[in-house]
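Here are a few friendly notes to read alongside the model. Please keep the 3D view open as you go.

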Amino acid sequence: MNTAQERAQALIQRWAEAHSQAALYDEASATIFDVASGKSLRMAWRNLTAFEEKIHTETRESYLVLLFENGTQVALVDPGGVAFAPSTENCGAVENLPPVVCLRDFLTLKQRVDHYLYAHADEPPPRECLDLIMICIATLDGARAVGFDVGDFEKELENSLNEIERRTG
């Protein structure tokens, strides 16, 4: 294995095999499958500028960080899957927004939003519900920026936002 891309591909393959509950890698299509979300991310190997395997200081688990020419970073983490930076381009500053998120985070927060909306349908949604929506928007924008197709998740989130607006008048 001579090129950085080949070394990165081999590292991702080994990591994915050891963490198949978080991510899978298909070498033939150069695609990483994010298990939690069911979404795939095609890797642009020709644009890879750096990669590194790191050890999380608290969990002692290994994770991978990939850096691309356009400045985009993607990490493979367990249990999250494919992680990336959120984007506040469409939502502005968001309180309590972590610097790294994954689609698993989106799914967890969306469940909380749905709980507020449907398990407590007779109550107005709390302010926290809107805060969660903003974090979800930043997460989906970050996912789209690294190459995920999240149109279906955006539609679900829009439906939740419409329900919040309907209830709050």
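1. Let's begin with Glu163, which counts as buried, with a relative accessibility of 14%. Keep in mind that this is a predicted model. Arg167 counts as buried too, at 19% relative accessibility, because the cut-off for buried is under 20%.

2. What do the side chains of Arg167 and Glu163 do? They meet in a salt bridge, with 2.9 Å from N to O. Both residues belong to helix α4, where they sit four residues apart, about one turn of the helix.

3. Helix α3 (residues 127-146) holds both, three residues apart, so about one helical turn separates them.

4. Is Asp141 buried or exposed? Asp141 counts as buried, at 6% relative accessibility, while Arg144 is partly exposed at 37%.

5. Arg144 also forms a salt bridge with Glu154, at 2.1 Å from N to O. Glu154 is in helix α4 (residues 151-168) and Arg144 is in helix α3, so this pair ties together parts that are 10 residues apart in sequence. Glu154 counts as partly exposed, with 27% relative accessibility.

6. As background, side chains of opposite charge can pair when their charged atoms come close. How many salt bridges does a search of the whole structure find? The search finds eight, and the pair Arg167 and Glu163 is one example of a salt bridge to locate in your viewer.

Notes: Residues are numbered from 1 along each chain as its sequence is written. This is a predicted model: local features need pLDDT of at least 70, side-chain atom pairs count only at pLDDT 80 or more; totals for chains, interfaces and linings use all residues. Side-chain values use heavy atoms; hydrogens and water are left out. A salt bridge is a side-chain nitrogen of Lys or Arg within 4 Å of a carboxyl oxygen of Asp or Glu. Helices (H or I, at least four residues) and strands (E, at least two) are DSSP runs, numbered from the N terminus. Buried means under 20% relative accessible area, exposed over 50%, partly exposed in between (1.4 Å probe, protein chains only).
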